[in-house]
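Please look through the following structure with the explanation alongside.

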Amino acid sequence: MTNCTDVCGTACETTAPAETKTPGFTRRSLLRTAAIGLAALGMSSVASTAMAASKKITVCKTTAIKVGGANIFNPKGGVPVLITHPKAGVFRAFSPYCTHQQVPLAGISGTNLVCNQHGASFNTDTGKVTGGPAPTGLPKYTVTVSGTSVIVTF
Ligand code: FES
């Protein structure tokens, strides 16, 4: 409470205004409800974006890569992808760009994918770095095989 005699010349007392309440809702519950709603909207937006961005594309036939081999493909509707065939019936898909300076990988040596720019190498099965100067392994894509089709989820 404050006295305003010195301000307006009348003797009155003021008090803090009482909190306005909506029946059934407090300010706190309204804010909590709004936050939950916004979070739900944000989550659904992210989920729908991820689902829209994810697509499966048949990249090649299983016979297109011999066991122990690899090849780079540029599928229609996708992005360039490097498919390896490290063991019979096992296919892997990676970004075909070296993680050192984003140069396309040049070849394969044993179980390593090789970058000719500065000599980095990556395991054909895992994409992990087996020789520097690449700082990280190759980004991976999910691969499924259906019949004789190698399908990559982008
Ligand atoms: S760009 Fe591949 S090792 Fe440098």
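Along the sequence, the elements of the protein follow the pattern β-α-β-α-β-β-β-β-β-β-β-β-β-β. That gives two helices and twelve strands, where helices (H or I, at least four residues) and strands (E, at least two) are DSSP runs numbered from the N terminus. This is a predicted model, in which local features need a pLDDT of at least 70 and side-chain atom pairs count only at pLDDT 80 or more, while totals for chains, interfaces and linings use all residues. Residues are numbered from 1 along each chain as its sequence is written.

The pLDDT, which is the predictor's confidence in each residue from 0 to 100, averages 77 over the protein, and 66% of the residues score at least 70. Over residues 1-50 the pLDDT is below 50, and this stretch has twelve contacts in the model beyond near neighbours in sequence. Two residues are in contact if their C-beta atoms, placed from the backbone, lie within 7 Å. Where pLDDT is low, the predicted coordinates should not be read in detail.

Six strands form an open sheet in the order β3-β12-β11-β6-β5-β4, with antiparallel pairing. Its edge strands are β3 (56-61) and β4 (70-73), each of which pairs on one side only. On average, neighbouring strands of this sheet are turned by 30 degrees against each other, direction ignored; axes are lines fitted to C-alpha atoms, for helices over the stretch in contact, and angles run from 0 to 180 degrees between N-to-C directions. Two strands count as paired if DSSP finds at least two bridges between them. Strands of a sheet pair through backbone hydrogen bonds, either parallel or antiparallel.

Strands β5 and β6 run antiparallel and are joined by four bridges, with I83 opposite A93 in β6. Strand β6 (residues 90-94) also pairs in the antiparallel sense with β11 (residues 140-146), over two bridges; here F94 stands opposite K140 in β11. Between β11 and β12 (residues 149-153) there are five bridges, again antiparallel, and T144 has I151 in β12 as its bridge partner. β11 and β12 form a hairpin with two residues between them, and G147 in the turn has a positive phi of about 65 degrees.

The largest nonpolar core has 20 residues, of which V81, L82, I83 and A93 touch the most other members. Such a core is a set of buried Ala, Val, Leu, Ile, Met, Phe, Trp, Tyr and Cys residues joined through C-beta atoms within 7 Å. Strands β5 (81-87), β6 and β12 each supply at least two residues of this core. Leaving aside neighbours within four places in sequence, I83 is in contact with V59, C60, I65, A70, N71, F73, F91, A93 and V150. Over the whole protein, buried residues make up 18% of the 154 residues. A residue is buried if 20 or more other C-beta atoms lie within 10 Å of its own, exposed if 12 or fewer, and partly exposed in between, with C-beta atoms placed from the backbone.

The other open sheet to consider has four strands in the order β7-β8-β9-β10, with antiparallel pairing. β7 and β10 each have a single partner strand, so one side of each is left without a neighbour in the sheet. From one strand to the next, the twist averages 40 degrees. Three bridges link β8 and β9 in the antiparallel sense, and L113 stands opposite F122 in β9.

In the loop between β8 (112-114) and β9 (121-123) lies C115. C115 counts as buried because it has 23 C-beta neighbours inside 10 Å. Its contacts, apart from neighbours within four places in sequence, are C98, H100, V103, L105, A106 and A120. C115 and H100 are 15 residues apart in sequence and 9.2 Å apart in space, C-alpha to C-alpha.

Two backbone details remain. Most residues other than glycine have a negative phi, and most peptide bonds are trans. Q102, in the loop between β6 and β7 (107-109), has a positive phi of about 60 degrees although it is not a glycine. Q102 is exposed, with 9 other C-beta atoms within 10 Å. A cis peptide bond joins G132 and P133, with omega about 10 degrees; P133 lies in the loop between β10 (129-131) and β11.
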